[in-house]
Amino acid sequence: MFVRTATTGDALEVRRILDAALLEPGDVEGRIDAGDVFVAGDRNGMAARSGDGDRILGTAVLEPLERESGAHVGAVGVRRRHRDRGIGRALIETALEREGRLTARFDDGVRPFYERLGFSIEPIDEQRYRGTLTLDRV
């Protein structure tokens, strides 16, 4: 498996993954240009491929934090057939290594994912949560 910063040639596959997961992180192309999108996958099989031959199976979109250090996880998506294989974890770990601190807002359905990664979690309301993860907590 690989994790790398997304390139302009990855934009369509990133959009496809996010659309399939019903995620709308905003200006994906702008985030790619800023170096704030990661992609993960493998170099096997004949599934959708980016311009450089990598098969992209997951993506994470980061947003810079204005008043704090680190970044906010705007979206994390992994192709359905490839979930539960550590792709989402690898994306978040790579982002954390670069940023040192991550925040996220998420629904109850994905709370277990963020808990397993070690995010400290607090409720926003009955169905939404916010979490923070710092490099020293891993």
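Let me begin with a term: a residue is buried under 20% relative accessible area, exposed over 50%, and partly exposed in between, using a 1.4 Å probe and protein chains only. Gly-109 counts as exposed, because its relative accessibility is 69%. Gly-109 sits in the loop between E5 and H4; such labels come from DSSP runs, numbered from the N terminus, with at least four residues for helices (H or I) and at least two for strands (E). From the C-alpha atom of Gly-109 to that of Glu-126, 17 residues apart along the chain, the separation is 12 Å.

A word on the source. This is a predicted model, where local features need pLDDT of at least 70 and side-chain atom pairs count only at pLDDT 80 or more, while totals for chains, interfaces and linings use all residues. Residues are numbered from 1 along each chain as its sequence is written, and side-chain values use heavy atoms, with hydrogens and water left out.

Now the sheet. Its 7 strands form an open sheet with mixed pairing, in the order E1-E2-E3-E4-E5-E7-E6; two strands pair if DSSP finds at least two bridges between them. On average, neighbouring strands are turned by 25° against each other, direction ignored. E3 (residues 55–64) and E4 run antiparallel and are joined by 7 bridges. In that pair, Ala-60 stands opposite Val-76 in E4.

Next, the helices. H1 (residues 11–20) packs on the sheet, touching E2 (37–42), E3 and E4, and its direction makes about 85° with that of E3. For H3, which touches E1, E2, E3, E4, E5 and E7 (128–134), the angle with E3 is about 35°. Contact here means heavy atoms within 4.5 Å; axes are lines fitted to C-alpha atoms, for helices over the stretch in contact, with angles from 0 to 180 degrees between N-to-C directions. Buried residues in H1 include Val-14, Ile-17 and Leu-18, along with the charged Glu-13 and Arg-15. The buried residues of H1 pack against H2 (28–33), E2, E3 and E4. Just after H1, Leu-22 has a positive phi of about 60°.
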